[in-house]
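Me: I would like a close look at a single part of this model, with the cut-offs spelled out.
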Number of protein chains: 2
Amino acid sequence: MKKTLLILFGSLLSIFAEAQFAGMMRGPQTEPLPEGFKPASTNTFLSQYPAVNAQTRQAMFRVVAPAARSIQLDLSGKKYPMTRDEKGIWSCVSDPQVVGFHYYAILIDSVAVMDRNTEAFFGSNWESSGIEIPEGPEGDYYRFNREIPHGQVRSIYYWSDINGLERHINVYVPAEYEQNPEKKYPVLYLVHGWGEDENGWSNQGHMAHIMDGLIASGKAVPMIVVMPSGDIKTNPDVRQASGDVTEIFAKNLVPYIDKTFRTYTDKEHRAMAGLSRGGFQTCMTVFNNMEMFAWMGTFSGFFVRGNEGVINAFNGVFKDPQVFDQQMKLLFISTGTEERNPKEQVEELKAHGIKNIVFHESEGTAHEWLTWRRALNDFAPKLFK
Amino acid sequence: MKKTLLILFGSLLSIFAEAQFAGMMRGPQTEPLPEGFKPASTNTFLSQYPAVNAQTRQAMFRVVAPAARSIQLDLSGKKYPMTRDEKGIWSCVSDPQVVGFHYYAILIDSVAVMDRNTEAFFGSNWESSGIEIPEGPEGDYYRFNREIPHGQVRSIYYWSDINGLERHINVYVPAEYEQNPEKKYPVLYLVHGWGEDENGWSNQGHMAHIMDGLIASGKAVPMIVVMPSGDIKTNPDVRQASGDVTEIFAKNLVPYIDKTFRTYTDKEHRAMAGLSRGGFQTCMTVFNNMEMFAWMGTFSGFFVRGNEGVINAFNGVFKDPQVFDQQMKLLFISTGTEERNPKEQVEELKAHGIKNIVFHESEGTAHEWLTWRRALNDFAPKLFK
């Protein structure tokens with residue numbers, strides 16, 4: 001049968017030849033990769049490059065572009081010149097990277113474009129290329145584990161009357177959900193960062209693998225995780241009518257989830273967390289709806305503006321420590337050690353008398369996805385207990 | 001609160017400034033669009049371009065690339081030169097297009113790249129840009145309808161021992177599925193075309209909107225739709241061990257689905273269909289496993305190779321018309337009128353005595369997604385009755 005398919009593909013290929021080969025920037029498919037390198041897990045089907053080296057944590061990139069004048073790689077804030085061989089294939093090898101996910105771009109004659117051989121990820125408000133840097137034991141908790149039961153990430157559209165538009169969400173449902181048709185579950189609302197979208201936690205964050213592992217090992221209680229968009233894309237016809245995203249969360253999204261899934265609807269069974277701007281949106285949503293949430297997390301996103309000081313921030317929610325602790329079972333604040341660190345503000349809140357704060361630092365990481373995978377892995381086990 | 005956010009975003013923006021603005025090819029965000037044009041529904045959040053005109057069915061493209069020497073648009077097999085204004089913004093307007101989904105690329109100095117302002121779609125075995133051309137009544141059946149209940153598309157990984165790797169599938173579950181925890185459902189396996197992946201039917205095909213409409217109106221019976229990958233991406237460590245994709249479907253996928261969902265497991269409640277190469281894979285899978293499937297569809301994918309003729313094709317499955325009709329309740333063969341048409345072969349099979357064939361033509365469309373959206377819309381109501 002394979003032979004039949006091959007003959008057939010030959011004739012099919014001609015149909016697609018133009019689309020496939022015109023001005024292509026594919027990497028070569030057949031040459032063996034250099035010693036120690038493997039195709040990145042973020043590559044598309046069949047693509048050999050970019051290739052990653054788990055020992056050195058370097059990545060090797062290739063672009064086929066005979067007619068280009070200059071090509072650079074832009075990865076983790078550094079630009080690398082790429083060198084051209086006689087066939088017009090450009091390549092370079094990066095410095096060692098932090099493990100986990102990194103956005104990158106290829107600069108072709110100064111225009112930042114995507115590498116079509118890797119999956120597309122939404123970041124900085126446009127489509128972007130991304131690469132996963134592997135390492136040994138670090139990543140076990142965020143990789144697929146065939147030995148345990150797996151939850152499902154459900155892609156759903158719901159109608160927002162505030163937004164005047166259908167809104168897309170992803171909802172993680174634990175593996176046991178359908179085996180227990182009468183059981184109710186707590187819900188974590190989990191928001192992406194600036195310039196990303198509702199797919200970020202699934203695609204860049206590997207949240208399903210993390211939650212599967214935590215639930216299978218008994219570290220976290222089985223829960224539903226709702227991943228909405230933190231941005232307001234509106235119908236151009238009703239753009240004026242669109243409200244604030246925290247209003248959409250509280251008035252449209254939470255009621256839709258409670259209607260559609262088997263959830264506990266009291267605040268003790270509802271949490272919200274977010275990364276970067278999503279952490280700030282978590283503060284705005286939770287602090288304005290204290291009757292709805294009893295657990296919250298802000299990952300690289302505890303931003304206090306102006307000169308009023310942390311004790312007076314967010315309309316005075318921290319002013320009376322006892323009242324805050326009665327209303328909020330957990331305020332989880334996390335950061336990477338290589339980015340702006342809210343440690344002093346956390347200390348100030350603790351000294352002020354607030355007890356239900358947990359502070360978490362991700363060693364050696366900056367404003368990047370490894371920081372947030374670690375934060376989720378540390379945060380989720382603390383919920384609903 | 002909006003003001004707070006704005007102030008905060010100002011400071012956050014500086015963190016992301018380099019990633020966001022370096023060598024950018026964004027379209028301008030603020031200018032009003034020309035009369036009759038709206039942002040395409042395939043655009044990412046905030047992007048004004050490409051813009052589409054529902055009356056003329058034209059699309060307008062813009063690329064910001066001051067340093068590029070020449071830029072072309074490549075859409076539906078035609079290249080359009082783009083013209084540069086004094087700010088380095090390049091633009092062009094396309095010919096009228098068939099409504100529905102079309103892949104496209106931007107050629108920057110001869111290199112085919114993606115437009116980062118539109119969602120990414122996997123086609124021709126790499127990431128690609130795509131645009132949805134709107135029209136009035138035609139698209140009602142494949143657009144989101146807020147008045148009806150909605151099913152869910154579930155993103156799932158399952159383990160394939162033939163493949164030596166976890167495999168990603170999408171599974172559409174009808175809206176009523178969770179309201180009926182004892183009810184079992186029939187299953188349609190639905191495969192993408194050459195160079196696409198398991199996300200194609202959801203993203204390019206709008207299958208969930210189509211199925212929601214057919215089920216809500218009573219035209220189709222509620223069913224589960226499983227969308228697997230028709231390609232064999234393998235673990236590089238076990239590449240030698242990987243088998244045929246039809247073997248993976250029959251031996252790993254179907255048992256996994258029957259274990260994971262509430263399905264009927266007899267052949268009368270199992271169908272398979274695919275587009276283009278997926279239609280051919282459907283023939284190979286079903287004709288080699290006649291005890292597993294009683295319904296099948298091949299959309300622009302009824303390929304008979306060599307000189308043996310259609311009656312003798314596929315190892316003689318059509319030779320005895322009565323045996324075929326006893327085993328197969330429906331062989332649905334469809335095509336666009338503007339592509340290679342298997343009409344004569346269908347007539348030959350009918351003249352040979354096979355009764356359970358339905359032939360469907362999509363008027364005025366070629367080897368493209370509108371052909372396949374129409375095919376699914378016509379095929380699904382005929383199943384499991």
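How much area do domain 1 of chain A and domain 2 of chain A bury between them, and what share of it is on carbon and sulfur atoms?

Reply: This is a predicted model, in which local features need pLDDT of at least 70 and side-chain atom pairs count only at pLDDT 80 or more, while totals for chains, interfaces and linings use all residues. Residues are numbered from 1 along each chain as its sequence is written, chains are lettered from A and ligands numbered from 1 in the order in which they are written, and side-chain values use heavy atoms, with hydrogens and water left out.

Chain A is divided into domain 1 (37-134) and domain 2 (140-382), with bounds that come from an automatic or database domain assignment. Between them the two domains bury about 1,100 Å², 52% of it on carbon and sulfur atoms, where buried area is the accessible area (1.4 Å probe) that two parts lose on being put together, summed over both. On the side of domain 1 of chain A, Val98(A), Phe101(A) and Phe122(A) lose the most area to domain 2 of chain A, together 38% of what that side buries.

The count of salt bridges between the two domains is one, a salt bridge being a side-chain nitrogen of Lys or Arg within 4 Å of a carboxyl oxygen of Asp or Glu. Arg373(A) and Glu132(A) meet through their side chains in a salt bridge, at 2.7 Å from N to O. Strand E8 (100-108) and strand E10 (120-123) of chain A each supply at least two residues of the side of domain 1 of chain A that touches domain 2 of chain A, and E8(A) gives the most to that side, with four residues; strands (E, at least two residues) are DSSP runs, numbered from the N terminus.
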